[in-house]
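User: I have the sequence and the fold open side by side. Can you walk me through it?

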Amino acid sequence: MSDVRVRGAAARIRVVRPEELDAGEIERWRELRALSGAPANPFMEPEFSLAVGRVRPGARVAVIGGDSGGPVGFFPYERGPLGQGRAIGFGVSDSQGPVLGPQHALTARELLSACSLGSWEFDNLEAGGELFVPDAAEAFDSPVIDIGQGYEAYEAALRAGSPKFFRTTTAKERRLARQAGEVRFVFDERDPAALRTLMAWKSAQYRRTGRRDRFAKEWISTLVRQLAADRPDRSPGCSGVLSVLYVADRPVAAHFGLRSRTVLSCWFPAYDTGFAKYSPGLILHLRMAEAAAGAGIGLLDLGRGAAEYKDALKTGELRVYEGASVRRGPRAALYRLGREPSRRAHSFVRDRPKLAGYAQRALSQVGRLRDR
């Protein structure tokens, strides 16, 4: 633990491991999130940082104190061996950034200096995080489904805006029931076997599309299993929700996400490819939106990334940012040499749809060869 007085700012910064936060600090974190007016994304709640802290030894939280002595902000991050910083849970966290009250008087460079960081990298920085937004290299839309007025209102909007999509999806659900058996949906499934099935499907999808299998990383699979064990009554800000679509008691599509009281952050969707012609993933998302609305959730965040199903389901977007805040000095050079070339290459391909299509086909070919 370190305690640093920031020169030129009325703040004392105490750096701790997430588990070292006391109950008062955790409650203050929740208060600051509520006061921010931002959607209550579960990735931004203290429970997510606490969970990451159990599986990532470099996880830290900077507790920012004000003149009155109470915390005016929190900055969760991970620190590498050479002082490179990343958003906590980087690689799987879909909303990132500091949690700050209006009383803080810090600059990004002062905060990084107090945390002994030469850089801090982010890929889903929350809009409104003005401390680091000026350092963003790119901005992206994260599609969302607004169900704040209830599922019936959302369904009516779908029928009006995407009538063919809605008719086709509901017709496939009826055909699935006729041809394969009774269709049953569970919003909050607690059977560990269903989670194992989802993770196996998702790993196969990663391999099939030539992408890195996230669940091959022990810390990610452990994090997911631990979050799946949390209950909303114990962790109201961030708990796991496993939703499963069954046909004749056989799982055909599933999704694991994180929820707060009002936001469901979609995370890991997958389905049994043997049922692909029925679009079970789309059926699952519609059922999930209906059940979430019934549970008092007002927003489903589908996450950054282009996908046809997101375009069909969304009602709007949130803004997120990618980039890094870098202090001057040798550590800055290390960051630029190590990360910036690959980020620019990904951006170059992403901004050219034809080239991106070639890249996706190449990745899929790699995946097929890998599975032979």
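User: Is β11 buried or exposed for the most part?
Analyst: This is a predicted model. In it, 8 of the 10 residues of β11 (residues 250-259) are buried, so the strand is largely enclosed by the rest of the structure.

User: How many bridges pair β10 with β11, and in which sense?
Analyst: There are 9 bridges between β10 (residues 239-247) and β11, and the sense is antiparallel. Y246 stands opposite P251 of β11.

User: Switching to helices. How many residues of α2 are buried?
Analyst: In α2 (residues 46-55), 8 of the 10 residues are buried, so the helix is largely enclosed by the rest of the structure. The buried residues are P46, E47, F48, S49, A51, V52, G53 and V55.

User: E47 is buried, you said. Which salt-bridge network is E47 linked in?
Analyst: The network of salt bridges links E47 with E27 and R30.

User: While we're at it, where does R28 lie?
Analyst: R28 lies in helix α1. Its relative accessible area is 18%, so R28 is buried; the cut-off for buried is under 20%.

User: What does R28 touch?
Analyst: Leaving out residues up to four places away in sequence, R28 touches L35, P71, F74 and Q103.

User: Back to salt bridges. How many are there in the whole structure?
Analyst: A search of the whole structure finds 19.

User: Which residue does D135 meet in a salt bridge?
Analyst: R109, at 3.2 Å from N to O. D135 lies in the loop between β7 and β8 (136-146), and R109 lies in helix α3, so the pair ties together parts that are 26 residues apart in sequence. R109 is partly exposed, at 37% relative accessibility.

User: And D141, which residue is its salt-bridge partner?
Analyst: R319, with the side chains meeting at 2.9 Å, N to O. R319 is in strand β14 (residues 316-326) and D141 is in strand β8, so this pair ties together parts that are 178 residues apart in sequence.

User: Are R319 and D141 buried, exposed or in between?
Analyst: R319 is partly exposed, with a relative accessible area of 39%. D141 is also partly exposed, with a relative accessible area of 39%.

User: What about R190: which side chain meets it?
Analyst: The side chain of D188 meets R190 in a salt bridge, at 3.2 Å from N to O. R190 counts as partly exposed at 30% relative accessibility. D188 is partly exposed too, with a relative accessible area of 26%.

User: Helix packing next. At what angle do α5 and α8 pack?
Analyst: The angle between α5 (residues 163-180) and α8 (residues 280-294) is about 105°, and their axes are 9 Å apart. The two helices are therefore roughly perpendicular to each other.

User: Which residues make that contact?
Analyst: From α5, they are F165, F166, T169, K172, E173 and L176. From α8, they are L282, I283, L286 and R287.

User: How do the contact residues of α5 and α8 divide by type?
Analyst: They divide into 6 nonpolar, 1 polar and 3 charged.

User: Last one. Where is G118, and is it buried or exposed?
Analyst: G118 is in the loop between α3 (108-114) and β7 (119-126). G118 is buried, with a relative accessible area of 3%.

User: How far is G118 from L82?
Analyst: In sequence, G118 and L82 are 36 residues apart. In space they are 8.3 Å apart, C-alpha to C-alpha.

How values were computed: Residues numbered from 1 in each chain as written. Predicted model: local features only at pLDDT ≥ 70, side-chain atom pairs only at ≥ 80, totals over all residues. Heavy atoms only, no water. Helix = DSSP H or I, 4+ residues; strand = E, 2+ residues; numbered from the N terminus. Buried < 20%, exposed > 50% of the residue type's maximum accessible area, 1.4 Å probe, protein only. Axes fitted to C-alpha atoms, helices over the stretch in contact; angles between N-to-C directions. Parallel < 35°, antiparallel > 145°, perpendicular 65-115°, else oblique. Contact = heavy atoms within 4.5 Å. Nonpolar A, V, L, I, M, F, W, Y, C, P; charged D, E, K, R; others polar. Pairing = 2+ DSSP bridges. Salt bridge = Lys/Arg side-chain N within 4 Å of Asp/Glu carboxyl O.
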